[in-house]
Amino acid sequence: MTSKLKQSEFEILRDENKCISCEVCVRTCSNDVHEFDSDDSAVLSESLSCVGCHRCETLCPTGAIKVKKRDPEFKENFNWSADHIKNIYRQSESGGVLLTGMGSDKPHTVYWDHLLLNAAQVTNPSIDPLREPMEIKTFIGGKPDSIKIEKSNGSYKLKTKIPPHLELETPILFSAMSYGSISYNACKSLAAAASEFKTYYNTGEGGLHQKLYEYASNTIVQVASGRFGVDKEYLSKAAAVEIKIGQGAKPGIGGHLPGEKVTCDISSTRMIPEGTDAISPAPHHDIYSIEDLAQLIYALKEATDYAKPVGVKVSAVHNIAPIASGIVRAGADFIAIDGFRGGTGAAPQVIRDNVGIPIELALASVDTRLREEGIRHKSSLIVGGSIRSSSDVVKAIALGADAVYIATAALVAMGCHLCQKCYTGKCNWGIATQDPYLTKRLNPEIGTRRLKSLLYAWSLEIKEMLGGAGINAVESLRGNREHLRGVNLSNRELAILGIKHAGEAW
Amino acid sequence: MKRIYINEEYCIGCRLCEIYCQVKHSKSNKILKAFKKELPDIISRVLVEEIGCNSFAIQCRHCSDAPCVEACISGAMTKNPNTGVVICDEKKCVGCWSCIMVCPYGVIKRDLSANKAASKCDLCFGEEIPVCVKNCPNEALKFN
């Protein structure tokens, strides 16, 4: 009975007039949806196992295939949505936690879409970024309380010792994605693009593949609860170190890379035996307080000769503002906050869709709190968790971020179609898989080129938006909430975001 | 001379190169018409070799000392001294298949349709970039 309860999520519509039985779809589907039937000399499709990744549709040379969402065959019920019913069917069969991938797709409020940017008119001139210099270079790291300058022999010299910094050509970094959760080719594309565009990528918690050592000067290495791949050399092959406490998609939850994915390469990168499960505990077992965190921060600073920024990544949760304050006081050079729409390679669906708070509110409250406490300059703020466009970047900076982390956007640039089946290891786009038949589908040369194009395009758009607002440096926008107005937001939401409603002037 | 280089690490075995090669060498030059009306008379001149998860697309290497030109008994197979491209004049070809016997890459095929001639890559004469290279979704073929 139970197997009959499973329904196809998608319909494969094949236009027989256009299908030339070339079998490209058959060869490209890792879920064995398409099959060539030699009796009928036709390609047949079994939609039950289709995940809606649209790979076949994209590669079909004649446009004969259309993958369409199939309307569930349930009586319409506002309370009992098809998702609820299907999930109960799945769980009553498996008895397990439902897994999913990528960020939450539930219709929670996306505050970016309720924020509008300003533009200069009459009383201040707008600036054309194509004709006039526009500065979007960003520095990540703590800033000193004050600086002392000394004049000697007619030249000026900076007396104050500036803490270590990362220098970014654009206020965008690639967020943490581990080798294991994504393929080597995907890691390489991110590393090469970051290096060529002069920004940074993050290794995630899976260690650093030796072949990627050449991108060390654009690498942020992560130290997470599993401590995978962490040794002196790992820390030396990085420009910065990030302690991962939490991830937006699964705050409070650890990770589990099944043994079958721990191939030879991954086992040596993660420094664990081949074929064993890679388990990241939910907490760091040596961090139970801000004081413990400070110990790890300074242990890492000591290990890297105080030459590299050490940051802390946390997910946006209810008490994020005091937590961030504690992190700054613990000595972090930057804080990365991951909002609850942030992506994941695998997470329990119930956690992903229900735990955490939106990044916009977390960012505004953290920035406000740190300013109130007079410690905002001590750490840079990087935010992530579904930054979907250059306007999201600009809005995040206006709300108080120094830079943003992008990951889902980067994967989409490399071909990801957000089918949310990363946890199956069967990614047809060669991204979230370790199957050699699938990983080669992502040519890192193409991946790098596309990521660079994305960064270039977003940077241009950021400059356009800055110019339109009459400012010529991203520094002038940072935390400048007068450049934002809210629409369709309650007074409480506006107060937390620290912005006026659209229509309210100075 | 520009050549097609194989980047086998990124060949995904989709065989789109073969499909577009067939279209290019069809009468209609249109994918639907070629596959619906002209099969099986159109032969792909590029071949995807595949073992397990390893694959690559190979077509005539246009060898500098082309053995097929040496072996050809009718003078159909010639190497253009200026461009270096090896071409089979299908009208002159008598179908003795000597070229197939000597080709070290196995990239010459028998065309048993009306012509009965050796069928091989002509680097898409008239095209700026050969269609197999142009349509490879993963840039596993390069022309330079």
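**Figure 1. The two domains of chain A.** The centres of domain 1 and domain 2 of chain A, taken over C-alpha atoms, are separated by 33 Å. This is a predicted model. Domain 1 of chain A covers 2-96, and domain 2 of chain A covers 169-501. Where the two meet, domain 1 of chain A gives 9 residues to the contact and domain 2 of chain A gives 7 residues. On the side of domain 1 of chain A that touches domain 2 of chain A, there are 3 nonpolar, 5 polar and 1 charged residues.

**Figure 2. The two domains of chain B.** Domain 1 of chain B is built from two stretches, 1-59 + 123-144. Domain 2 of chain B spans 63-120. Their centres, over C-alpha atoms, are 19 Å apart. Domain 1 of chain B brings 8 residues to the contact, and domain 2 of chain B brings 10 residues. The side of domain 1 of chain B that touches domain 2 of chain B has 5 nonpolar, 1 polar and 2 charged residues.

**Figure 3. Chain B against chain A.** How many residues does the contact take from chain B and from chain A? Chain B gives 16 residues, and chain A gives 16 residues. On the side of chain B that touches chain A, helix H1 (16-24) and H2 of chain B each supply at least two residues. H2(B) makes the largest share of this side, with 4 residues. By class, the side of chain B that touches chain A has 10 nonpolar, 2 polar and 4 charged residues. For the complex, the predictor gives an ipTM of 0.93 and a pTM of 0.95.

**Figure 4. An open sheet of 8 strands in chain A.** The strands follow the order E11-E21-E20-E18-E17-E14-E13-E12 (chain A), and the pairing is parallel. Strand E11 (172-174) and strand E12 (201-202) of chain A stand at the edges; each has a single partner strand, so one side of each has no neighbour in the sheet. Look at the E11 edge. E11(A) pairs with strand E21 (residues 403-406) of chain A in the parallel sense, over 3 bridges. Phe174(A) stands opposite Ile406(A) in E21(A).

**Figure 5. A mixed sheet of 3 strands in chain A.** This open sheet has the order E6-E22-E23 (chain A), with mixed pairing. Its edge strands are strand E6 (115-117) and strand E23 (500-501) of chain A, and each pairs on one side only. E6(A) and strand E22 (residues 484-486) of chain A run antiparallel, joined by 3 bridges. Leu117(A) has Leu484(A) in E22(A) as its bridge partner.

**Figure 6. Inside the largest nonpolar core.** Nonpolar side chains tend to be buried together in soluble globular proteins. Here the largest nonpolar core has 178 residues. Which residues have the most contacts inside the core? They are Ile337(A), Ile382(A) and Val404(A). Helix H4 (residues 184-197) of chain A supplies the largest share of this core, 8 residues. Now centre on Ile382(A). Not counting residues up to four places away in sequence, Ile382(A) touches several residues, including Ile140(A), Leu173(A) and Phe334(A). Among the other contacts of Ile382(A) are Ala403(A), Val404(A) and Tyr405(A).

**Figure 7. Two serines with a positive phi in chain A.** Most residues other than glycine have a negative phi. Ser21(A) has a positive phi near 50°. Ser21(A) sits in the loop between strand E1 (10-14) and helix H1 (24-28) of chain A. Is Ser21(A) partly exposed or buried? Ser21(A) counts as partly exposed because 18 C-beta neighbours lie inside 10 Å, and a residue is buried at 20 or more. Ser41(A) also has a positive phi, about 50°. The loop that holds Ser41(A) runs between strand E2 (34-37) and strand E3 (42-45) of chain A. Ser41(A) has 8 C-beta neighbours inside 10 Å, so Ser41(A) counts as exposed.

**Figure 8. A cis peptide bond in chain B.** Most peptide bonds are trans. The bond from Leu39(B) to Pro40(B) is cis, with omega near 0°. Pro40(B) lies in the loop between helix H2 (31-38) and strand E2 (47-51) of chain B.

**Figure 9. Confidence along chain B.** Chain B has an average pLDDT of 93, and 100% of its residues score at least 70. Among the elements of chain B, strand E7 (residues 117-119) has the lowest mean pLDDT, 91. Helix H5 (residues 131-134) of chain B has the highest, 97.

Conventions: Residues numbered from 1 in each chain as written. Chains lettered and ligands numbered in written order. Predicted model: local features only at pLDDT ≥ 70, side-chain atom pairs only at ≥ 80, totals over all residues. Pairing = 2+ DSSP bridges. Buried ≥ 20, exposed ≤ 12 C-beta atoms within 10 Å, placed from the backbone. Nonpolar A, V, L, I, M, F, W, Y, C, P; charged D, E, K, R; others polar. Domains from an automatic or database assignment. Core = buried A, V, L, I, M, F, W, Y, C linked by C-beta atoms within 7 Å. pLDDT = per-residue confidence, 0-100.
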